[in-house]
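Hi everyone, thanks for making the time. Today I'd like to walk you through a few backbone details in one model.

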Amino acid sequence: MKVRDILERKAKDTLVKAGSELLSKNPEKNVDKLFDVFEKAVHKDEENLERLKVIKDMYNNNLPTREFINDILKNTDKKCIKKLFTNFFANAAWYGMPKRAKYFEETGTKTPFVLLISPSMRCNLRCTGCYASSYSKEDDIPYEEMDRIIKEAKEFGTYYFIILGGEPFFNEYMLDIYKKHKDCMFTPFTNGTLFDETLADKVKELGNVIPMFSLEGFEEDTDKRRGKGVFKKVMHAMELLKERGVLFGVSSATSRENVDTVTSDEFIDMLVEKGARMGWYFMYMPVGKDPDINLMLTSEQRLKLGERVRKLRQDKPYFMIDFFNDAPYVGGCIAGKYYCHINSHEDVEPCIFAHFAVDNLKNKKLMDVFKSDLFKELRSRQPYNENLLMPCMMIDNTSVVREVVDKTGAKPTDEGARMMIEDKDFQRKLDEIAEDFKPLAEKAWKEQFDCKGNYKMSKG
């Protein structure tokens, strides 16, 4: 390590220590000082400074944002908030991002900010339309492999991991992984049914785990798909974590049937009252064993979802991400560039929805995967469309996925992916959906975004 790098690391360590001390002493009264710490930490990064300025302005001028930040600082367990500060902001952002950028400069290989990993597809539920019941323990990624993957990710500066499945808490060893890699942040997407006092205590003690509970809506909608009594179990899990000051959020897959419910004031207000801090919206995608195109959002619903989320972010003390409609802020599709997915067979896919792979991590280093033709080809084509409201290669720019697969030799890793490249009737339906969405997306892009997006990030 060069002397300059050592000095810069020491300076950041000093800032992290200062921030940690503020968080351990009435943090809600030290918000201005915390902003100062952040500004000093990212002083050379104009893009992050601009983001920080937006957040600071919202804190000073928007009451729901101020309530949101103050409530987190006041009511979150001190260890949990310090882990968020040190593991996410310091390690993943302040240390990790420059480290990954430097590696990109030297090698031309882009490494991700976050890894999505499905250690197991096993689950304790049998939800309608889900295929997790067909997996056994033998299909899990072994503990030693999970440990190796995370170690290799940290070597090039990735400290943030989203854990999927299956049910992450059904996999016995993951709590040991979270404990061993105490310098990382983990976000498991969970059905919430396994939470009891003991598990809630363990999550609090770890401090570096932020669960995301999956909900399709209120009790009727959730239990209809997941089974009777599931909704109440999730509510109980939220209560357990709120009592302990553990950060958590909610993930909702939006379909034609539930999009109005999960974006309603009543639903959001309930989640805020239960202690949830953030929500992630994912559109239902035609992937998996039996993809049903009729469940996909209509073109009108899709754009309405984006408008609704942007309004809710202004009005509610609750942070929301819309996986597709927020694409203008991150330069379109970021699959294979800022994140990727490792499935339970250790196939490395560009996206949780893009089930195509050329590499498997068994007997292969993680770093070598990002040098593959698949990831290079995707990055060279991004954004796939100048209109960043049409970011996806599978449902918006449907020829792209076929061309990329043909050029790189990527193989489908599930049935829906196979249909996208082999089933002519399925392809035709997806083409029609893209064509139907295009004129409405063009109108919204012009009227709502003035045809401007984060193109700098799209080439980052």
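Let's begin with Gly166, which sits in the loop between β2 (160-163) and α7 (174-180). What is the peptide bond from Gly165 to Gly166, cis or trans? That bond is cis, with omega near 15°. Please keep in mind, as we go, that this is a predicted model.

Have a look at Glu346, in the loop between β8 (339-342) and β9 (348-349). Glu346 is not a glycine, yet its phi is positive, near 75°. Is Glu346 buried or exposed? With a relative accessible area of 2%, Glu346 falls under the 20% cut-off, so this residue counts as buried.

My last stop is Cys451, which you'll find in the loop between α19 (424-449) and α20 (455-458). Cys451 is another non-glycine residue with a positive phi, this time near 55°. And how does Cys451 stand for accessibility? Its relative accessible area is 38%. That value lies between the 20% and 50% cut-offs, so Cys451 is partly exposed.

The positive phi values I showed belong to Glu346, which is buried, and to Cys451, which is partly exposed.

Terms used
Residues are numbered from 1 along each chain as its sequence is written. This is a predicted model: local features need pLDDT of at least 70, side-chain atom pairs count only at pLDDT 80 or more; totals for chains, interfaces and linings use all residues. Side-chain values use heavy atoms; hydrogens and water are left out. Helices (H or I, at least four residues) and strands (E, at least two) are DSSP runs, numbered from the N terminus. Buried means under 20% relative accessible area, exposed over 50%, partly exposed in between (1.4 Å probe, protein chains only).
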